[in-house]
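Here is a guided walk through one protein chain. Keep the structure in view and follow along from the whole to the details.

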Amino acid sequence: MAYDVAIVGAGPAGMAAATLAAELGLATIVIDEQPAPGGQIYRGISAPALRRADILGADYWHGATLLQPFRRSGAVHVPDASVWAIARAEQGWFDIAYSTGPPAARVTTTVAAHAVIVATGALERPFPIPGWTLPGVMAAGGAQALLKTSGLVPQGRTVLAGCGPLLWLLARQYIAAGAGIDMLLDTTPRGRFAQALRHAPGFVLSPYFTKAMDLSRTVRRHVRVVEYVSALAAEGDDCVERVRYTVDGAETTTEVDHLFIHQGVVPDLNLAAALGCELQWNDVQACFEPIVDEWGGSSVANVFVAGDGAGIAGARAAEARGRLAALAVANAVGRIDARHRNRAATAHRFALAQATRGRRFFDTLSRPADVFRRPAGDTVVCRCEEVPASAVRAAARDGATGPNQVKAFLRCGMGPCQGRMCGLTVTELIAAERGIDAAEAGYFRLRFPVKPVTLGEVASLPVTPDALRAVVRPDGGTH
């Protein structure tokens with residue numbers, strides 16, 4: 001099958017882009033790993049597990065306003081599908097390989113498209129602390145996903161630890177659901193609020209201000225909040241039993257059954273980077289992001305990146321970015337002219353400006369402390385290959401100039417997550433050890449397949465020229 005545009009991801013950016021692209025007459029396909037549209041932020045929106053709407057809040061239910069137009073748009077939606085290779089074909093086409101089906105019998109399908117919109121969203125930033133691999137320690141985003149899709153809340157002694165709005169939002173959602181939260185350990189360092197204050201005027205005038213104040217008051221009224229935590233560790237034998245934390249040099253240990261950790265989100269880069277999109281280091285958010293223009297256009301012709309995958313800005317901004325990318329694609333394939341594109345973009349640019357007003361305050365305030373981004377000692381950094389921070393630092397001292405050399409030395413980034421859980425940490429450890437900027441240290445060199453695939457999935461490829469182009473380079477090598 002051939003389409004005008006293939007969109008990877010059905011979160012707010014993907015749904016908004018697909019809806020507008022289809023309305024503009026583009027043959028549109030949306031390929032998404034989740035069983036239903038919504039992405040991470042609106043996960044479960046099509047079949048809510050919670051009867052009470054107030055538990056997840058109004059911002060979550062806004063996702064329903066995207067879902068119905070998306071379903072009516074005529075865009076082809078392929079759920080439970082993993083895109084693992086995209087290749088440039090003849091005459092400017094892209095060949096896209098994706099797998100579907102049950103785990104034991106997944107098969108690969110290929111489609112062609114004139115343009116690609118990468119709307120893969122965000123990942124939780126790695127939070128490598130001692131004991132973070134123990135059962136009972138979970139990323140806050142994972143805990144929130146269980147709440148959204150299954151209505152599950154923790155039973156027993158529960159502690160949330162880290163920084164960033166999502167951690168506080170999860171606390172309030174648990175409070176609304178009747179779950180007890182014993183403590184919130186805030187790792188925002190002293191002095192960070194003062195740094196953020198210079199951006200306060202934009203924040204006060206933004207829609208975030210009232211929400212943030214209400215969120216903080218609600219959580220503090222129901223949960224013991226411990227601020228300025230400068231060290232954190234999970235302890236236990238077969239599962240987490242205790243959390244040890246330090247404030248102003250004083251160490252405290254408390255018993256827990258569940259520890260949910262979080263220190264912000266970062267763009268999911270793997271697909272865009274494997275496509276060859278150039279990256280840049282965002283020092284405010286301490287992460288890499290694709291270099292894109294005002295339409296989401298990347299350094300690769302007819303590849304657009306929309307939503308948080310292009311830089312963290314939130315769900316409402318993702319919608320606007322998705323629609324701008326759709327307009328750009330419609331212009332690129334000749335469906336509309338530049339005047340039509342620019343005129344139609346006005347409302348979406350206004351929405352984007354509104355959605356991003358005040359973000360600089362949040363980004364500055366929520367930037368994780370250096371000590372939690374660059375762990376010391378034998379704290380595990382690469383969970384897949386069980387590589388400790390000490391080994392990464394030693395490799396940098398022994399001559400590894402960047403993450404790709406460390407990958408060769410230690411296998412960091414070669415496990416099932418393919419660097420998603422360790423990439424930023426490896427970069428920052430190398431940069432710190434060598435005394436260089438993270439931008440100079442660089443990121444993993446990503447290639448297709450960007451997701452683990454079986455020999456059966458590769459063997460199930462239809463033997464056609466298009467299928468072969470999707471996974472084989474012109475020189476005969478694999479992507």
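L146 is found in helix 4, which covers residues 140-150. Is L146 buried or exposed, or something in between? Its relative accessible area is 35%. L146 therefore counts as partly exposed, since that label covers values between the 20% and 50% cut-offs. Together with M138 and L152, L146 forms a nonpolar patch on the surface. The three residues have about 240 Å² of accessible area together.

Now step back to the whole chain. The model is a predicted one. The protein chain holds 19 helices and 21 strands. Along its principal axes, the C-alpha trace spans about 65 × 50 × 45 Å. How does the radius of gyration fit a compact globule? For 479 residues, such a globule would have a value near 23 Å. The protein chain has 22 Å, so the two agree.

What share of the chain is buried? Of the 479 residues, 54% are buried. The protein chain exposes about 20200 Å². Carbon and sulfur atoms supply 53% of that area. Contacts tell how the chain folds back on itself. Take those between residues at least 6 apart in sequence. Of these, 66% join residues at least 24 apart.

Next, go to helix 3, residues 64-72. Which of its residues are buried? They are L66, L67 and F70. Seen down the helix axis, these buried residues fall within an arc of 100°, so they line one face of helix 3. Several elements cover them. Among them are helix 1 (12-23) and strand 2 (28-31). Strand 3 (76-78) and helix 10 (315-332) are also included in that cover.

Look at both ends of helix 3. Just after the helix comes G74, with a positive phi of about 95°. G63 has a relative accessible area of 0%, so G63 is buried. What does G63 touch? Leaving aside neighbours within four places in sequence, G63 is in contact with Y42 and I45. Another glycine gives a sense of distance. G63 and G415 are 352 residues apart along the chain. Their C-alpha atoms are separated by 33 Å.

Some backbone details remain. Two residues other than glycine have a positive phi, and each can be found in a loop. Start with Y228, whose phi is about 60° although Y228 is not a glycine. Y228 is found between strand 11 (225-226) and strand 12 (229-235). Its relative accessible area is 32%, so Y228 is partly exposed.

Then turn to R411. Its phi is near 75°, again a positive value in a residue other than glycine. R411 lies in the loop between helix 15 (403-410) and helix 16 (423-434). With a relative accessible area of 41%, R411 is partly exposed.

Where does a cis peptide bond occur? One joins F448 and P449, with omega about 0°. P449 has its place in the loop between helix 17 (438-441) and helix 18 (455-459).

How values were computed: Residues numbered from 1 in each chain as written. Predicted model: local features only at pLDDT ≥ 70, side-chain atom pairs only at ≥ 80, totals over all residues. Heavy atoms only, no water. Buried < 20%, exposed > 50% of the residue type's maximum accessible area, 1.4 Å probe, protein only. Helix = DSSP H or I, 4+ residues; strand = E, 2+ residues; numbered from the N terminus. Arc of directions from axis to C-beta. Contact = heavy atoms within 4.5 Å. Patch = residues over 30% accessible without salt bridge, like charges linked within 9 Å, V, L, I, M, F, W, Y side chains within 5 Å. Areas by Shrake-Rupley, 256 points an atom, 1.4 Å probe, with all protein chains shown as cover. Salt bridge = Lys/Arg side-chain N within 4 Å of Asp/Glu carboxyl O. Rg over C-alpha atoms; globule rule 2.2 N^0.38 Å.
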